[in-house]
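Dear colleague,

I am passing on the model we spoke about, with the sequence and coordinates placed just below. My notes on what turned up in it follow, and I would be glad if you read them with the structure open.

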Amino acid sequence: QFSVPIPLRGVVYCEGIRTGSEKDFDKMLEMYQRETVQVETERLLSALTCSRDPHTLKKLLALTIDLNN
């Protein structure tokens, strides 16, 4: 298993989402939902916002609306 060094995770995660597929987005969303370390959840959530795909961004927006209700 490959582990990204902590100082690079935000950049690597963001670039992976920016250039990745919906499947990659869904995998990172799943990682975000399972993560228990606050710093890592913030890093994952921030990376999810790097998507350029309208469908995945709508999915993320719907999730944030659900979390606030």
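R9 counts as buried because its relative accessibility is 18%, which falls under the 20% limit for that class. Please keep in mind throughout that this is a predicted model. R9 is found in helix α1, and its side chain reaches the backbone oxygen of V4 at 2.8 Å. Leaving out residues up to four places away in sequence, R9 touches S3, V4, E40 and R43.

Two of those partners lead on to the charged group around this arginine, since R9, E40 and R43 are linked in a network of salt bridges. Within it, E40 forms a salt bridge with R43, and the closest N and O atoms of this pair are 2.3 Å apart. Being three residues apart in helix α3, E40 and R43 are separated by about one helical turn. Helix α3 spans residues 38-48. How exposed or buried are E40 and R43? Both are buried, and for E40 the relative accessibility is 8%, which is why this glutamate is placed in that class. Apart from residues up to four places away in sequence, E40 touches R9, Y13 and E35.

Y13 also belongs to the largest nonpolar core, which has twelve residues: Y13, I17, F25, M28, L29, Y32, L44, A47, L48, C50, L60 and L63. Helices α1 (9-19), α2 (22-34), α3 and α4 (54-68) each supply at least two residues of this core, and α2 gives the most, with four. M28, one of the core residues, is in contact with Y13, I17, L44, A47 and L48 when its neighbours within four places in sequence are left aside.

The side chains of E15 and R18 meet in a salt bridge with an N to O distance of 2.7 Å; both residues lie in helix α1, three residues apart, or about one turn of the helix. E15 counts as partly exposed at 35% relative accessibility, and R18 likewise counts as partly exposed, at 32%.

The other pair is formed by E22 and K59, whose closest N and O atoms are 3.2 Å apart in their salt bridge. Because E22 lies in helix α2 and K59 in helix α4, this pair ties together parts that are 37 residues apart in sequence. E22 is partly exposed, with a relative accessible area of 34%, and K59 counts as partly exposed at 26% relative accessibility.

A word on confidence belongs with all of this. The chain averages a pLDDT of 92, and 97% of the residues score at least 70. In the chain, confidence is highest in α1, at a mean of 97, and lowest in α4, at 88. Where pLDDT is low, the predicted coordinates should not be read in detail.

With best wishes

Key:
Residues numbered from 1 in each chain as written. Predicted model: local features only at pLDDT ≥ 70, side-chain atom pairs only at ≥ 80, totals over all residues. Heavy atoms only, no water. Buried < 20%, exposed > 50% of the residue type's maximum accessible area, 1.4 Å probe, protein only. Contact = heavy atoms within 4.5 Å. Core = buried A, V, L, I, M, F, W, Y, C linked by side-chain atoms within 4.5 Å. Polar contact = N/O pair within 3.5 Å; in protein donor to acceptor, adjacent residues only side chain to side chain. pLDDT = per-residue confidence, 0-100. Salt bridge = Lys/Arg side-chain N within 4 Å of Asp/Glu carboxyl O.
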